[in-house]
Number of protein chains: 4
Amino acid sequence: MTNTIAAKFKQQLMQRFQQSRQLSEDLCQPLETEDYGLQAVAETSPAKWHIAHTSWFYETFLLKPFLNNFKPFHDQYEHLFNSYYNAIGQPFLRPKRGLLSRPTVKQVYQYRQTVSQQVLTLLDQSSFEQREPDEQKTIIDRIELGIQHEKQHQELFLTDLKYNFFQNPLYPAYRQPSATERFSPQSVIKPDAIKWQSIEAGVYQCGQSSEGFGFDNERPAHNQYLETSQLASRPITNGEYLQFIADKGYTNSILWLSDGWSWLQQNNVSHPLYWVELKDGWYEFTLFGLQPLLEHAPVCHINYYEADAFARWAGNRLATEFEWEVYASQRINELNTDFAEPPLHPSINAPDDSGIFHQTWQWTQSSYAQYPGFQPNEGAVGEYNGKFMCNQMVLRGGSCLSPSQHIRHTYRNFFYPTDRWQMSGLRLAK
Amino acid sequence: MTNTIAAKFKQQLMQRFQQSRQLSEDLCQPLETEDYGLQAVAETSPAKWHIAHTSWFYETFLLKPFLNNFKPFHDQYEHLFNSYYNAIGQPFLRPKRGLLSRPTVKQVYQYRQTVSQQVLTLLDQSSFEQREPDEQKTIIDRIELGIQHEKQHQELFLTDLKYNFFQNPLYPAYRQPSATERFSPQSVIKPDAIKWQSIEAGVYQCGQSSEGFGFDNERPAHNQYLETSQLASRPITNGEYLQFIADKGYTNSILWLSDGWSWLQQNNVSHPLYWVELKDGWYEFTLFGLQPLLEHAPVCHINYYEADAFARWAGNRLATEFEWEVYASQRINELNTDFAEPPLHPSINAPDDSGIFHQTWQWTQSSYAQYPGFQPNEGAVGEYNGKFMCNQMVLRGGSCLSPSQHIRHTYRNFFYPTDRWQMSGLRLAK
Amino acid sequence: MTNTIAAKFKQQLMQRFQQSRQLSEDLCQPLETEDYGLQAVAETSPAKWHIAHTSWFYETFLLKPFLNNFKPFHDQYEHLFNSYYNAIGQPFLRPKRGLLSRPTVKQVYQYRQTVSQQVLTLLDQSSFEQREPDEQKTIIDRIELGIQHEKQHQELFLTDLKYNFFQNPLYPAYRQPSATERFSPQSVIKPDAIKWQSIEAGVYQCGQSSEGFGFDNERPAHNQYLETSQLASRPITNGEYLQFIADKGYTNSILWLSDGWSWLQQNNVSHPLYWVELKDGWYEFTLFGLQPLLEHAPVCHINYYEADAFARWAGNRLATEFEWEVYASQRINELNTDFAEPPLHPSINAPDDSGIFHQTWQWTQSSYAQYPGFQPNEGAVGEYNGKFMCNQMVLRGGSCLSPSQHIRHTYRNFFYPTDRWQMSGLRLAK
Amino acid sequence: MTNTIAAKFKQQLMQRFQQSRQLSEDLCQPLETEDYGLQAVAETSPAKWHIAHTSWFYETFLLKPFLNNFKPFHDQYEHLFNSYYNAIGQPFLRPKRGLLSRPTVKQVYQYRQTVSQQVLTLLDQSSFEQREPDEQKTIIDRIELGIQHEKQHQELFLTDLKYNFFQNPLYPAYRQPSATERFSPQSVIKPDAIKWQSIEAGVYQCGQSSEGFGFDNERPAHNQYLETSQLASRPITNGEYLQFIADKGYTNSILWLSDGWSWLQQNNVSHPLYWVELKDGWYEFTLFGLQPLLEHAPVCHINYYEADAFARWAGNRLATEFEWEVYASQRINELNTDFAEPPLHPSINAPDDSGIFHQTWQWTQSSYAQYPGFQPNEGAVGEYNGKFMCNQMVLRGGSCLSPSQHIRHTYRNFFYPTDRWQMSGLRLAK
């Protein structure tokens, strides 16, 4: 890069960095101090922890190796806010994150601001320009990774908070819905019947090619042979899911994977997470509090077993992640890359909206595995993705909780088949 | 009672009520808002819950049945802050108390103050005087019970907070020790050797006779035949307990009850709770943070199995609760009924202090059971004590965490043999 | 003792030894080889293990220290068949006893017979007479203890087998009932209404005085002060227990101890163990297979919580173990010390039978604890009783499964409050 | 088929049926009656259950629908010996199979022989020939499936028994090794260094084409695009695995998948299953009892996490199941389809033996999933394979425990990543 271009690029990077730092804090605005510490289960980290960990990430992988005269903000934060990087040391026990009343919220914000400032200092003209080009590149890559990492935590912040609030019989609302976010069953239009979109058999290139940001697990681009298939033009709705329930979907073992049937019986499950049946019908706990279930909105908060059982009941199946990717690659125009804050709840209002990127994550039948020739990132940051390539299923898409500029058609999300607290729904294939 | 005496009595009751309400709030002064929600295990309730539950108790057992035009502060608080009274309805799940970020601390204090005001209103001259004498008596008894109940929660507030803070690698201090509370090993004098105090064989009256407040489980007064026995003149110290450890006390199965040995092995226990071994020796987590272990202070935070094993190792045994009561009845003069706040950590500084009432609770070999002729309190409040009379052991005494005017020689505390988070120590008998 | 008396005494001891060894084997007669290995839960040891362990007991505590030129039958049996004596070494894991297909049944019987023969050899005139009197006494005491120990295991053999068989949907019968053991509801007469037997207040001597065999936990004899009480003239019947169930006894929390209510809810309990409700009414699994529930027979296989809840429902309570002992001491004439094999199921057929010794064990409200001045047996055999003196409740009586000459009015049985697989019932007190 | 060919085919089928029935019984010859009931964990079914279930399979899927005047041998066996076919009814609880002492071994053999006879009766000339061709085909297919099903259980019988025997400190041997099966470290030759066999990039047809028996999960044949890869010429040996251990393979978190690391820590794992370290070195529990570990034999009884960690340590990876299949398709000549009984322990003695089919199953990096166009078998037998397509990993190959004529290069075995009790090893890829 020439100096001028480099300067402009760095300028843009700093701006995106600051925007992403700001968004995390904006998302916390509606919280009471008491809300910051909630952790109902190991998976649903406290808001305060997200705020701290997304700073820890820069401190550990960027500031510590590269900032001149680096001193940690606090000696023990490396331990306290490490998520799962064993190469950095033994992380503080995940299920106990909610027990850290100290540092306080205020102290964590101080930590956060110190780190943000240090990142900007690191990029500062004179010192940065004197570094070797390789080092400059690594620094820029790490900041980019930090931004993308924080975007992931912005979505997790919302799904974790939702789960944690749901434990409270008062059903707290994260915020009040605006006039356009009203939740009456009439507020969402009935979608058209599903149309089937064909994919021809043949060899397709999948995964991310080299330009633009992508996680290591999206790489390398490689060939996949796909048989002929068809994918549904839109996700399954709550109304369709209610038919599955009415048809005894949750009590008919034939529809379920063996492990799914065990899960269902052990946990006595008969409907998606967050559904609450009151005297006057079904309600759904949302980030706007308890709201009437929207018949025509995409079903969400189902796990892999539920998605798979529904598909079997419907006489169809789930797509593989590669079928999904080919399908999505033809709908790139539906990507909305510029919005201030995520809309918080799925709701398809345009008849031609396939709901592919911005409604719910969609379970695929593909287990999370490495692509041929996969290379994890170097060093401790290599633990980011690769070590989770077992026992989890790939979800594709993006959701109403994903921040702006985070989603792309090669993006691979992954969760355990039992997980339900993510914004997860389904799209049929056959 | 004549009217004048009654008025004075009521005046004193109101004063004691207000003092006890105030103490709970004073004890919360050192807390950050974030600290109010901590609950590491089901047993260690959040500070906020204690503050709310001690108000719920008056609301449920006093205001609801007796206050004219009573309206609850909030419809769901009856459910949220019920501890274990099944007759009142299904209590909110105990292990999830820490997940109630709402109501906020501020709202809970509003609830608390509303209840306090309503109790005072109930006692107000004109309306109170018009009630039937029986009803007046019940009201006064319930307020007295409420005061005693709150005193119990003041101690639990401290033991729960200590346990919850201990989960944090930062070892937060509840407050800083004052100059006279310094924690150097030299600051506590070496106690004299144990002397043995004899109790003659014979029939003794035990339990509380009718005057003065006592819980239902201390009644009725009744006869117990005691064989000749001897009790130690002081509790066991940390230094003596270190000898037990040095002598392989924790690895010699012969010293342990069968269930105790299983507990020890499953939990890999080798020292009392809160002891931390660093490079330069033993430390103990206290309400003043991590402090050097005081050799001459009474050992605390051991469970029944540890107390029993130590006693067997020493060639002695634990006292029965009746032996203890007879012993303590001869040391009533050691009761200190007038101090502002509990001293927070055990420390015997006077050579003639038997440590019977104000250092640590002392495990007895008596399981918690009903006295002959036991009658639980009437109504839902009858669940207060009676239903726990199984699987728990009686502790006698009182501790450095017990509030003023709470302890008496007939008082029966009770915990499971595995419990360690209370201020529990031991006194030998033979 | 003079030589002649000693010889006669030894003769009798050898006879009783052989009878007890024979009875264990007789009790195994109805078993198939496959039945010998069953162990459904840790508590219910396999028949083969009982047969081996009752030989191990003699080998370990008698033959190893006293038999000249002793060689163990097999090097590893000391480990395999040790129940819980930590001083002997780490016992083989209790829950895995059922996984020892080897040694085979045949090999275990060979082991058993070798041990029996060695015990007789040890008592053989010439060698035995040359020992010191103290050693002679120890040997005789250990044989006596071995006989009593084996009697305990004869009852456990039956209760364990019953539980293990119950896991099988074929409901195997241990043996077929004879004509007089028929199980029609008409075969047991309706008992008279309960009469109340008074015990006067005062000091009573309890526990075993020095003559005759008694376990260490029955000693020493000591004084207990008892308040006035009354005990029921007979145990509670199935018919009476059905009234408790019909009156929603299992869903009314007020009737239950707190731990009992938790147990009930976690295990979804609504009737005694072994009760099976079929289309035509209640059945009960017995050692004679599945049989119609006998309305007038004593209720059995209830745990402490159930016994306690029933008593509370009935407006009464359970007796203390000392009340029970005083009551039983007045009914010594009901002891039947001479029968071949236990009758296997409770059934009171005589109007004047108080059912005190031979029907079901009766839960008392006393937790299992040491008597004042308790001294466990010396050496490893001291682990026999003392180390279990925590968390368990005393049952008094004896049962239809207890072998002849095993029961006495000072006998203390003890089990956890949750245990139901013993032949446990209840007698009311007030 | 013409009648003559059909008759000959049927003749061969009957012969293979009888051979497979006989082999199961021959494999049981070394057992004591006591051994038949062992079940250490839910996964390791008792020998008796295998003997019964392989008869149940014919009874349920063949005799019940097709045999004229069919009457079940016993009303409850359908329930008792159902493995996991929910469409047939609620199976008896898997973890409790070892608690079924009844029916006895003898009775189960009677059941088995009755079923065998009924299958032969069904194929009997006159009645069989009168059936519709479709029905004839279904019957023949079901018998073929029954034979293959029984072959699977013959291998499971051995792996289950091995695990169950291992619980016994006596280390029972299933049978004694012959002279040629001797287990000295010198008895197995050192293999050559691994050579790498290349697979070219391109589209390959995988899965079973229509001729010959194959399970539904091997079908349909379909295309897979493979990148260039190389597979190792032989499996990893115990000696090589010892190097991994010596290099701290079990304590270096970087080598492990996240779930694998959790598994390792929770279970305190430091070596393969069945390895026992004695004073004079490593031993391995085998079906011949405890034997010195063979340095040059293939490592076995490792789970997916261990295989994956070893491969990462070696700088390689595991093959995908399709890479493996292409590799194996070029070594069909190594298939040995004609031997009497499996050799019971892996041992490569020929320098040119790739160990692909008859040593150990080889973990692949492929999760068990449906092939494109997968159709499960029709009816209840459709639960055979399809419902397990989640959370499990594919193993390819065959083992020293696989019976004759069972293995083919398209065969897909599948187990959970934590499973170790199968004869599972690894082959490297890169």
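UniProt positions are given in the numbering used here, and annotations may be inferred rather than shown by experiment. With that understood, the unreviewed UniProt entry places the feature "domain: DinB-like" at residues 17–155 of chain A. The structure described here is a predicted model. In chain A, the span 17–155 is 60% helix and 0% strand.

The arrangement of the chains was examined next. Chain B is superposed on chain C by a rotation of 180° with 0.0 Å of shift along the axis, at an RMSD of 0.0 Å. This is the relation of a two-fold axis. The same surface serves both copies, since 100% of the contact residues of chain B recur in chain C. Other pairs of chains make no contact. Chain A and chain C do not touch, and their nearest C-alpha atoms are 13 Å apart. Likewise, chain B and chain D are not joined by any contact, with their closest C-alpha atoms 13 Å apart.

Most peptide bonds are trans, and most residues other than glycine have a negative phi. In chain C, the peptide bond from C:Arg219 to C:Pro220 is cis, with omega near -5°. C:Pro220 is located in the loop that runs between strand E2 (202–206) and strand E3 (222–226) of chain C. In chain D, the bond from D:Arg219 to D:Pro220 is also cis, and its omega is near -5°. D:Pro220 is placed in the loop between strand E2 (202–206) and strand E3 (222–226) of chain D.

Positive phi values occur at two residues considered here, A:His301 and D:Tyr171. A:His301 is not a glycine, yet has a phi of about 60°. This histidine belongs to the loop between strand E7 (289–292) and helix H9 (304–313) of chain A. A:His301 has a relative accessible area of 0% and is therefore buried, the limit being under 20%. For D:Tyr171, phi is near 45°. D:Tyr171 sits in the loop between helix H6 (133–166) and strand E1 (196–199) of chain D. The relative accessibility of D:Tyr171 is 27%, so this tyrosine counts as partly exposed.

The loop between helix H6 (133–166) and strand E1 (196–199) of chain A holds A:Pro177. A:Pro177 is partly exposed, with a relative accessible area of 26%. Although A:Pro177 and A:Phe288 are 111 residues apart along the chain, their C-alpha atoms are separated by 5.8 Å. When residues up to four places away in sequence are not counted, A:Pro177 touches A:Phe183, A:Phe288 and A:Gln291.

A further residue examined was D:Glu25, which lies in helix H1 (residues 3–28) of chain D. The relative accessible area of D:Glu25 is 15%, and because buried means under 20%, this glutamate is classed as buried. With neighbours within four places in sequence left aside, the contacts of D:Glu25 are with D:Tyr109, D:Arg112 and D:Gln113.

Methods: Residues are numbered from 1 along each chain as its sequence is written. Chains are lettered from A and ligands numbered from 1 in the order in which they are written. This is a predicted model: local features need pLDDT of at least 70, side-chain atom pairs count only at pLDDT 80 or more; totals for chains, interfaces and linings use all residues. Side-chain values use heavy atoms; hydrogens and water are left out. Helices (H or I, at least four residues) and strands (E, at least two) are DSSP runs, numbered from the N terminus. Buried means under 20% relative accessible area, exposed over 50%, partly exposed in between (1.4 Å probe, protein chains only). Copies are superposed by least squares on the C-alpha atoms of residues with pLDDT of at least 70 in both. Contact means heavy atoms within 4.5 Å.
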